[in-house]
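Here is a short report on one structure. It starts with a strand pair and moves on to helix packing and the cores.

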Amino acid sequence: MSTTAETTIEADPKLPIIRMTREFAATPGQLFRAHTDPALFARWVGPGAASTRIDHWDARTGGSWRYIATVGGTEHAFRGCFHEVRPDRIVQTFTYEGEPDGVALETLWFEDLGGGRSRLRSQSLADSFEGRDAWLASGMESGVNEGYAKLQRMVDDGAV
Amino acid sequence: MGAMATDTLSRVFAALADPTRRDIVARLAEGDATVGQLAGPYSMTLQAVYKHLRVLEDAGLVSRPPGPQPRPVRLETEVLTQMEIWIERYRQRAEQRYRRLDALLATMSPIDDKDGADDVNDRRDDHRG
């Protein structure tokens, strides 16, 4: 198994922002590809037991995306626009279609740490504290155990 | 966790959406204070401060235990702890997602070829339980 440090999170008390940081045993280019290639993205975005279907995907500056996650027979659709796509940064909007008025602004940074490692930094700005609340609370029902089971299978299958 | 916890969290976030109320919470984190002491630095009426305190009380963030006047305002850390639990669960979901990404990245070649991950068996439809 990898010895990657776990995700760190910070919920800003003054702005409806969630910031996260995670290091990966991969190059920024690989990380970028896992975020922009729809077939790869669908493999890991989850949630755990979900099968993710990409409905639309145009990972270019000014492009847009939409995918559908199926959890326990229920479909949840998400969509947004790629405001800017470049090798070291992606800026995009994010809407859960179940809450169609809510829109978050997400920024992802891919930082090269050298030696085949990189750091992913993300910042998600919700449009209100209530919006961030709903966001934090969402997906609580998704089975944590199912997620770990799926993870274990992927680790078993992969070249780890 | 259920609807009740969600409502509590909504009220907490709504209460903390206001800069004055965030400031009151920050100052109460250093110790109990009377309404008069809290109002000191602000250029607003005592009534306005009471209004803010009522919102914080409704969210369960502060309390004013009964006693002789002036009753001190106290920060209720239990609700903040609940928020931290929700944030930690959110973090754990992200960590699960990133572990799936770890496994995927391990199958990709560092060279930017387009089919580096084709050898991964697709087990997405393999549901359990």
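In this predicted model, strand E3 (residues 51-57) of chain A pairs with strand E4 (residues 64-71) of chain A in the antiparallel sense, over 6 bridges. Two strands pair if DSSP finds at least two bridges between them. Ser51(A) stands opposite Thr70(A) in E4(A). E3(A) and E4(A) form a hairpin with 6 residues between them. In the turn, Gly62(A) has a positive phi of about 90°.

Residues are numbered from 1 along each chain as its sequence is written, and chains are lettered from A and ligands numbered from 1 in the order in which they are written. Local features need pLDDT of at least 70 and side-chain atom pairs count only at pLDDT 80 or more, while totals for chains, interfaces and linings use all residues.

Chain A has 4 helices and 8 strands. Helices (H or I, at least four residues) and strands (E, at least two) are DSSP runs, numbered from the N terminus. Their order in chain A, from the N terminus on, is β-β-α-α-β-β-β-β-β-β-α-α. Of its 160 residues, 24% count as buried. Buried means that 20 or more other C-beta atoms, placed from the backbone, lie within 10 Å of a residue's own.

Next, the helix packing in chain B. H2(B) and H4(B) pack at an angle of about 70°, with axes 10 Å apart. Axes are lines fitted to C-alpha atoms over the stretch in contact, and angles run from 0 to 180 degrees between N-to-C directions. The two helices are therefore roughly perpendicular (65 to 115 degrees). The table lists the residues that make the contact (C-beta atoms, placed from the backbone, within 7 Å).

| Helix | Span | Residues in the contact |
|---|---|---|
| H2(B) | residues 19-28 | Thr20(B), Arg21(B), Ile24(B), Val25(B) |
| H4(B) | residues 46-58 | His52(B), Val55(B), Leu56(B) |

Now the cores. A nonpolar core is a set of buried Ala, Val, Leu, Ile, Met, Phe, Trp, Tyr and Cys residues joined through C-beta atoms within 7 Å. The largest has 16 residues. Among those with the most contacts inside it are Phe24(A), Leu31(A), Leu101(B) and Leu105(B). The elements giving two or more residues to this core are H1 (28-36) and H2 (38-44) of chain A and H5 (77-105) of chain B. H5(B) gives the most, with 5 residues. Leaving aside neighbours within four places in sequence, Leu105(B) contacts Phe24(A), Ala25(A), Ala26(A), Gln30(A) and Ala34(A). Apart from this core lies another, of 15 residues, including Ile24(B) and Leu53(B).

How values were computed. Buried ≥ 20, exposed ≤ 12 C-beta atoms within 10 Å, placed from the backbone. Contact = placed C-beta atoms within 7 Å. Parallel < 35°, antiparallel > 145°, perpendicular 65-115°, else oblique.
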